[in-house]
Amino acid sequence: MSHYFDPTPQTEDERRTVTVEIWGRRREYTTSTGVFSGGGLDKATAILLAESTPPPPGTVVLDLGCGWGPIACSLAAEGATVWAVDVNERALELTAQNAQGLDVHTALPDQVPPDVRFDAIWSNPPIRIGKEALHELLLTWLPRLRPGGEARLVVGRNLGADSLQRWFIDRGHPTERVASSKGFRILSVRAT
């Protein structure tokens, strides 16, 4: 069985085109099987984008777990420089294709130069990898935020959004719920 967090999906690569409207921009994207939400824009990511204002042009953003690139492409279309990171090679290929002409750098986690710092992290984090792996992932990338930076995460209430908020706070990361919609929370985690 293949999961969206497998580095090389074993499922057949069945491409499809989806149309998405975000922040007044209507775009077509290519998706596929073997990546997160290969059928189109998932509800959580749609809520994250709908309940958030894009950062100012020139902002350097990490899209952590980029999938086929809806967050990365939306932010870059608004003028951000985006590092789109995923462990899934098919997802990175799709993001690169979808981001043609935009300032998006696709990379496996260990391909991001260690000196790159981010003004923001935007993510629909891969909750289903398990709590321990998720915590390790978040603790790897949060220190790469510049002072005053923000991680903006969307997490389902039934998938542990409230306990994740407490976990951040217990580790000294100021965290607040900035929006709640249709069973999802948007958490704002501040750099320390």
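Colleague: Which residue in β5 is the bridge partner of Trp83?

Modeller: The bridge partner of Trp83 in β5 is His105. Note that this is a predicted model, in which local features need pLDDT of at least 70 and side-chain atom pairs count only at pLDDT 80 or more, while totals for chains, interfaces and linings use all residues. Residues are numbered from 1 along each chain as its sequence is written, and side-chain values use heavy atoms, with hydrogens and water left out.

Colleague: How many bridges join β4 to β5?

Modeller: Two strands pair if DSSP finds at least two bridges between them; strands (E, at least two residues) and helices (H or I, at least four) are DSSP runs, numbered from the N terminus. Here four bridges join β4 (residues 81-85) to β5, and the two strands run parallel.

Colleague: In what order do the strands of the open sheet lie?

Modeller: The order is β5-β4-β3-β6-β7-β9-β8, seven strands with mixed pairing. At the edges are β5 (104-107) and β8 (175-181), each of which pairs on one side only. Ignoring direction, neighbouring strands of this sheet are turned by 20° against each other on average.

Colleague: Which strand does β1 join, and in which direction do they run?

Modeller: β1 (residues 16-22) is joined by seven bridges to β2 (residues 25-31), and the two run antiparallel. Val20 stands opposite Arg27 in β2. The hairpin has two residues between its strands, and Trp23 there takes a positive phi near 50°.

Colleague: How many aromatic pairs does the structure hold?

Modeller: Rings of Phe, Tyr and Trp (its six-membered ring) pair if their centres lie within 6.5 Å; planes under 30 degrees apart count as stacked, over 60 as edge-to-face and the rest as tilted. The structure holds four such pairs. One of them joins Trp23 and Trp122 edge-to-face, at 6.1 Å centre to centre and 85° between the planes. Trp23 is in the loop between β1 and β2 and Trp122 in β6 (residues 118-123), so the pair ties together parts that are 99 residues apart in sequence.

Colleague: At what angle do α1 and α2 pack?

Modeller: Two packed helices are described by the angle between their axes and the distance between the axes. Axes are lines fitted to C-alpha atoms, for helices over the stretch in contact, and angles run from 0 to 180 degrees between N-to-C directions. For α1 (residues 43-50) and α2 the angle is about 20°, with axes 11 Å apart. They are therefore roughly parallel (under 35 degrees; over 145 is roughly antiparallel, 65 to 115 roughly perpendicular, the rest oblique). Thr45, Leu48 and Leu49 of α1 make the contact (heavy atoms within 4.5 Å) with Pro70, Ile71 and Ser74 of α2.

Colleague: Which strands does α2 lie across?

Modeller: Helix α2 (residues 70-77) lies across β3 (60-64), β4, β5 and β6, and runs at about 175° to β4. Helix α3 (residues 89-98) lies across β4 and β5, at about 165° to β5.

Colleague: How far apart are the axes of α4 and α5?

Modeller: The axes of α4 (residues 131-141) and α5 (residues 161-170) are 12 Å apart, at an angle of about 45°. These helices are therefore oblique to each other. Leu134, His135, Leu138 and Leu139 in α4 meet Leu164, Trp167 and Phe168 in α5.
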